[in-house]
Amino acid sequence: MAGETFEGEVVREIHLKIDTRYATILITPKPDEINDTNMPRNLHNAAELFLRAGLVENAQRVKETTDALFDIYANNPDGKTNVRIGNGCVCWSCGHCGLPKDSPNGEYTTNNSNVVADKKKSKVPGPCGQCGEVDQVNYLVVTRKDEFTKKGVTNLPWIETPPLSEEEKKKKKEAALEAKRKEIEANVKKALEERAKADAQEDQV
């Protein structure tokens with residue numbers, strides 16, 4: 001029962017943190033899904049579906065990847081510095097939202113500040129950039145209200161930071177270990193100093 005309570009609290013916490021902006025990222029149905037009334041229409045629907053199905057990790061992954069997208073756009077990216085841009089996808093197997101595996105840049109062309117899919121590219125979404133799923137995947141369309149007219153809607157590309165290389169992962173891990181080592185050494189030094197101070201006070205009594 002305790003496990004069930006814990007899981008329920010996790011689901012509730014994630015549910016409360018599902019940003020209403022997720023609804024602005026639309027899910028493009030495949031031809032055989034267009035008339036499916038059960039098909040989620042946006043990432044807000046997708047996150048709720050995962051939670052109802054008990055797929056907490058999938059819902060969490062939707063949240064993490066989508067929040068990362070919003071964070072990048074909040075910093076007004078120039079589209080060139082340390083980012084990858086293209087057609088985003090949502091994976092129903094793992095919940096990952098992002099560019100397909102091995103996706104190159106240039107999957108979009110711009111026209112009057114509106115970003116549209118390059119028709120020369122494949123219309124088949126995927127594979128998932130996280131787990132490699134090729135069938136249970138749908139394209140995403142990031143939308144935003146026009147900042148000038150406040151009426152129209154602008155389509156934006158999916159944008160994300162590139163994954164770390166093996167060398168970068170190694171350096172990051174080493175840096176984290178070094179920081180932890182220094183933290184432990186500082187704590188030990190502080191404990192020894194406090195012990196020495198306490199011993200000195202006892203000697204004076």
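**Entry 1: the second largest pocket**

I looked up which element gives the most to the lining of the second largest pocket, and I found α3, with four residues. I noted that a pocket is, on a 1 Å grid over the protein atoms alone, an open set of points where a 1.4 Å probe fits, with protein on both sides within 12 Å along at least five of seven lines, and that lining residues have an atom within 4 Å of a point. I also noted that helices (H or I, at least four residues) and strands (E, at least two) are DSSP runs, numbered from the N terminus.

This is a predicted model, in which local features need pLDDT of at least 70 and side-chain atom pairs count only at pLDDT 80 or more, while totals for chains, interfaces and linings use all residues. Residues are numbered from 1 along each chain as its sequence is written, and side-chain values use heavy atoms, with hydrogens and water left out.

I then listed the lining of this second largest pocket, which has 19 residues, with R84, H96, E160, T161 and P163 lying nearest its centre. Two or more lining residues come from each of the elements α3 (56-74) and β9 (158-160). By residue type I recorded ten nonpolar, five polar and four charged in the lining, where Ala, Val, Leu, Ile, Met, Phe, Trp, Tyr, Cys and Pro count as nonpolar, Asp, Glu, Lys and Arg as charged, and the others, Gly among them, as polar. The space in this pocket is about 390 Å³, a volume being the space filled by probe spheres set on the grid points, which are joined across faces, edges and corners.

Is N58 buried or exposed? I found that N58, which lies in helix α3, counts as buried because its relative accessibility is 9%, buried meaning under 20% relative accessible area, exposed over 50% and partly exposed in between (1.4 Å probe, protein chains only). Leaving aside neighbours within four places in sequence, N58 is in contact (heavy atoms within 4.5 Å) with F50, W92, S93, C94 and G95.

I next looked at L55, in the loop between α2 and α3, which counts as partly exposed because its relative accessibility is 38%. L55 and G95 are 40 residues apart in sequence, yet their C-alpha atoms are 8.9 Å apart in space.

A68 also lies in helix α3, and with a relative accessible area of 37% A68 is partly exposed. The C-alpha atoms of A68 and I159 are separated by 9.1 Å, although these residues are 91 apart along the chain.

In soluble globular proteins, nonpolar side chains tend to be buried together.

**Entry 2: the whole chain**

I recorded four helices and nine strands in the chain. Buried residues make up 31% of the 205 residues, and among contacts between residues at least 6 apart in sequence, 62% join residues at least 24 apart. Finally, I noted that the peptide bond from G126 to P127 is cis, with omega near 0°, and that P127 lies in the loop between β6 (114-117) and β7.
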